[in-house]
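Me: I've got this one open and I'd like to go through the labels on it. Can you tell me what stands behind each of them?

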Amino acid sequence: MSAHVTSGIVRAKGLRHQLMRAVLFVVLGIFCIYYLIPLVVMISTSLKSLEEIRAGSLLSLPQEVNFDAWGKAWNSACVGVRCDGLEPYVWNSVLMTIPAVLISTLLGALNGYALTKWRFRGADVIFALILFGAFIPFQVVLLPMARTLGQLGLAGSVPGLILVHSVYGLAFTTLFFRNFFIGVSDGILQAAKVDGAGFFRIFFGIVLPMSLPAIVVTVIWQFTQIWNDFLFGVAFTVGDSNPVTVALNNLVNTSTGVKEYNVDMAAAIIAALPTLLVYVVAGAYFVRGLSAGAVKG
Amino acid sequence: MSARIPLTQTISRTLERRLPVIVVSPLFAASLFFVYGFIAWTIYISFTKSGVMPNYAFEGLQQYDRLWATPRWYVALRNLFVFSTLFIGISMAIGILLAILLDQKIRAEGMIRTIFLYPMALSFIVTGTVWKWILNPGLGVQRLVRQAGFEDFTFDWLVNSDYAIYTVVIAAVWQSSGYAMALFLAGLRSVDDEILKAAAIDGAGPIRVYSGIVMPMLRPVFLSTIIILAHLAIKSFDLVIALTGGGPGFATDMPATFMYAFAFQRSELGVAAASATMMLMTIVAIIVPYLYSELRGTRQ
């Protein structure tokens, strides 16, 4: 008797279940479109000619694919008074991002390691004080930082930005590594200590090789943050030393008669491409960085 | 000679024992200087008469009087309130909805999640540039709808002082709602399946299960998501600059853009420092209790 009843329930549920699955996929599909439309519009606009942009519609795909806007955005569009495209600024961003990422990651790893695996008195307080630096509104340090960079002779320069990003990235990188090292068992380290290995031997020989996942998460996080930074770039650099985000904003706001939306969009893609590529290649690590931003490891 | 070897050994052993402190000290000192020293400097400047140049003579609350007598500051605060409320509310709603939908054992989950989250990899400047193009009344959405036959359709929020702040909400939600989704999804994944099964056996439908059982369990996730989004909202600067430039006029000014304008364009250091201090205090009020409870939680 029970078999009969159960099968009835299952069938009724199955139909409702299928209906709900259908609704589920429709809603998810709509949201996929919502998130993708700006990207599609950006790419398709960048491949259209200005005439086609004016004659066609926002969502129409380019009738003939045309890379002129890309070329112009790369090396001849005007950013302020200088008309060399985004290329010089992309190199500024590269020269700024790579050293800043490496420095802040290495120092964060050392810091996290010393604070968790060689616990000394006050380590927790020091960590809490350093961590707070990750959450301050940077407006509160802009004025003194501008003066300090001036006194160091680094005002308006790429090395100045490297310093700024290394210093303010340290709070985040320390957090990432601390959360990672807390989960690493002390056993291997104790054994190495008994064998007479010191602080740096253990760090470079044992700890660093095993923290590859934490390194990847941190490097990706820092790369995205520093490449995408605008506030420090706009506050501490002028003209030729601008990073690409500042140059993009200037390019879009440079009025030279006709507004070239296709060039704007191509420039936006050029500025977005490095972080987007990293995200596509290593998305899982990026997401782990994001959830580490919620502090809990 | 034989007495010296133990001495150098003692020294090197002491050094070795102190090495962790020696390594952390300069980094901690950098943090003390660049974070706490700079904060102290900014707060001090907010109590002086500083104008174009810093002036270290103590003046009391004068700059705060000036700040709170500036109409533009009220515009910035009102915008921050409107923006944060809508941005946090809408991002959370989308985040919860998408997280629950994605938690239904979807085969393409990885790909869909990638699509929901990619805007987080973009610079706010890129997001602002794209939405500025989509929302511009001349060639963007307004024209699209008019082309579809609705000739009288008007959607000029981007250039309308009363509505421009909502375009910032639109772009910010697009960029950050996937982040809320990721946080909620991680929270849902940590809910014990046995509890859900037990509830299903008891005959609870999916809506009952989520609203009655899962949501209350996710209270800590709600809290941390609200705090992270609030933190993003208070700091929002890039998006406003790229999307509206703070305009029309200063209709979309926020505390962050206000501070930047007074510090670097109008060279009123005292007022800029006072506004930065107000921002810091707001963040401290939100973040410090949160960090305190989080850190205490991880130590247990």
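Me: Why is B:Lys105 called exposed?

Reply: Keep in mind that this is a predicted model. B:Lys105 has 6 C-beta neighbours inside 10 Å, and the cut-off for exposed is 12 or fewer. So B:Lys105 counts as exposed.

Me: Where does B:Lys105 sit, and what is its phi?

Reply: B:Lys105 is in the loop that links helix H3 (71-102) to helix H4 (109-117) of chain B. Its phi is near 55 degrees, which is a positive value in a residue other than glycine.

Me: What makes B:Ser267 exposed?

Reply: The count for B:Ser267 is 12 C-beta neighbours inside 10 Å. The rule says 12 or fewer, so B:Ser267 counts as exposed. B:Ser267 is a loop residue too, found between helix H12 (255-265) and helix H13 (269-299) of chain B. Its phi is positive, about 50 degrees, although B:Ser267 is not a glycine.

Me: What makes chain B more spread out than a compact globule?

Reply: Start with what it's built from: chain B has 13 helices and zero strands. For its 300 residues the globule rule gives 19 Å, but the radius of gyration is 26 Å. That is well over the rule's value, so chain B is more spread out than a compact globule. Along the principal axes, the C-alpha trace of chain B spans about 95 × 65 × 30 Å.

Me: How much of chain B is buried?

Reply: Buried residues are 41% of the 300 in chain B. To get that label, a residue needs 20 or more other C-beta atoms within 10 Å of its own. On contacts, take the pairs in chain B at least 6 apart in sequence: 69% of them join residues at least 24 apart.

Me: How do you know that chain A and chain B touch?

Reply: Contact here is a C-beta distance within 7 Å. By that test, 70 residues of chain A are in contact with 77 residues of chain B. On chain A's side, the largest share is 14 residues from helix H13 (residues 261-292) of chain A. Sorted by class, that side of chain A has 54 nonpolar, 14 polar and two charged residues.

Me: Which domains does chain A have, and how far apart are their centres?

Reply: Chain A is split into domain 1 (2-66) and domain 2 (87-292). The C-alpha centres of these two domains of chain A lie 36 Å apart.

Me: What makes you say that domain 1 of chain A touches domain 2 of chain A?

Reply: The contact count again: seven residues of domain 1 of chain A are in contact with seven of domain 2 of chain A. Helix H1 (2-46) and helix H2 (50-55) of chain A each supply at least two residues of domain 1's side. By class, domain 1's side has four nonpolar residues, two polar and one charged.

Methods:
Residues numbered from 1 in each chain as written. Chains lettered and ligands numbered in written order. Predicted model: local features only at pLDDT ≥ 70, side-chain atom pairs only at ≥ 80, totals over all residues. Contact = placed C-beta atoms within 7 Å. Helix = DSSP H or I, 4+ residues; strand = E, 2+ residues; numbered from the N terminus. Nonpolar A, V, L, I, M, F, W, Y, C, P; charged D, E, K, R; others polar. Domains from an automatic or database assignment. Rg over C-alpha atoms; globule rule 2.2 N^0.38 Å.
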